[in-house]
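Work through the exercises below with the model open. Each task is followed by a solution in steps.

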Amino acid sequence: MNTVVESAPQTDQVDALIKSIRIPPRPSLLADLQRELGADDPSPDAIGRIVASDVGMSGALLKLANSAVYGGRRKAKSIEQAILFLGINQVAALMTGLLARQAIPVNSAALASFWDISTRRAHAMVFLTRRLRMGEADVAHTFGLFCDTGVPLLMDRFKDYEATYGAASMEAHRPFTDLENERHATSHAAMGCLLARNWGLSDHVAWAILHHHDFAVIDDAATAGPVRSLVALSLLAENAISRYQGHAESNEWNKGGAAACAYLGLSDEETAEIMDELLEAFHEE
């Protein structure tokens, strides 16, 4: 009885804390896009008009559509061609990412490369999904882009979060989010999940964001397969990014890489080959 009574104020404090962290509202263009995608027969023309309503969005989408990761030998010269080449769902994923970049400000010098890294992770997730024929490219892209969006939200809320993030990055054994929860009663994974749900992203994306530092889910049969796959693939993506930046294997890879490779059915040789292919794709961007 006493335990319940004593835990209630603590729960209220955590709830109040989370409510004090500003979650950017879902952009109206994203709401329009999701409404069209939710129709019985989504119209490529209608989606094209939504994209074309923002000049900056149109140019950015064409650039992405023609990048090494998404484009083939064909080059899209119009929004209509980009939709034709990529498909409605992939265009929606790319637009969602572009809108996220506009809506989530990154004001800290410590996060100067935040969106560049997030974009590279999203591209890596798409590459891996196609390379391993596992999951849907648009879902992988969205997860890769959004999985760390809680970081700038917490950086904006807590003056000392930069130090927390740096210390958590150096944790060799404990989950990344343990130190965040100890110091701030929440984590970037939890805030990213909340943002994803508020923006109407898929449940699989939201839950994978919540668990992307909880590598036990990879072996948890009770967790949905797409969530486990996203978490496993994200470890490969992060390791490739670490190598691209000239670093050794990341702490996160050392914590969960073996479980990820076992789940994905990859041998050491296959993993090394995929890493090389990813690095080559990064250099072509």
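**Exercise 1: a right-handed pair**

H8 passes H13 in a right-handed crossing. The model is a predicted one. Task: state which residues make the contact of H8 and H13, and how they divide into nonpolar, polar and charged.

Solution. 
- Step 1. Locate the helices: H8 covers residues 137-146 and H13 covers residues 203-210. Their axes come within 10 Å and cross at roughly 35°.
- Step 2. List the contact: H8 contributes Val-139, Thr-142, Phe-143 and Phe-146, and H13 contributes Val-205, Ala-208 and Ile-209.
- Step 3. Sort these residues: six are nonpolar, one is polar and none is charged.

**Exercise 2: relative direction of two helices**

Task: decide how H2 and H6 are oriented to each other, and describe their contact.

Solution. 
- Step 1. Take the geometry: H2 (residues 28-37) packs on H6 (residues 88-103) at an angle of about 165°, and the axes are 10 Å apart.
- Step 2. Apply the cut-off: angles over 145 degrees count as roughly antiparallel, so H2 and H6 are roughly antiparallel to each other.
- Step 3. List the contact: Leu-29, Leu-30, Leu-33 and Leu-37 come from H2, while Ile-88, Asn-89, Ala-92, Met-95, Thr-96 and Leu-99 come from H6.
- Step 4. Sort these residues: eight are nonpolar, two are polar and none is charged.

**Exercise 3: one threonine**

Task: is Thr-164 buried or exposed?

Solution. 
- Step 1. Compare with the cut-off: buried means under 20% relative accessible area. Thr-164 has 0%, so Thr-164 is buried.
- Step 2. Find its partners: apart from neighbours within four places in sequence, Thr-164 contacts Leu-179, Glu-180, Arg-183 and His-184.

Note on methods:
Residues numbered from 1 in each chain as written. Predicted model: local features only at pLDDT ≥ 70, side-chain atom pairs only at ≥ 80, totals over all residues. Heavy atoms only, no water. Axes fitted to C-alpha atoms, helices over the stretch in contact; angles between N-to-C directions. Helix = DSSP H or I, 4+ residues; strand = E, 2+ residues; numbered from the N terminus. Left-handed = near helix turned anticlockwise from the far one by under 90°. Contact = heavy atoms within 4.5 Å. Nonpolar A, V, L, I, M, F, W, Y, C, P; charged D, E, K, R; others polar. Parallel < 35°, antiparallel > 145°, perpendicular 65-115°, else oblique. Buried < 20%, exposed > 50% of the residue type's maximum accessible area, 1.4 Å probe, protein only.
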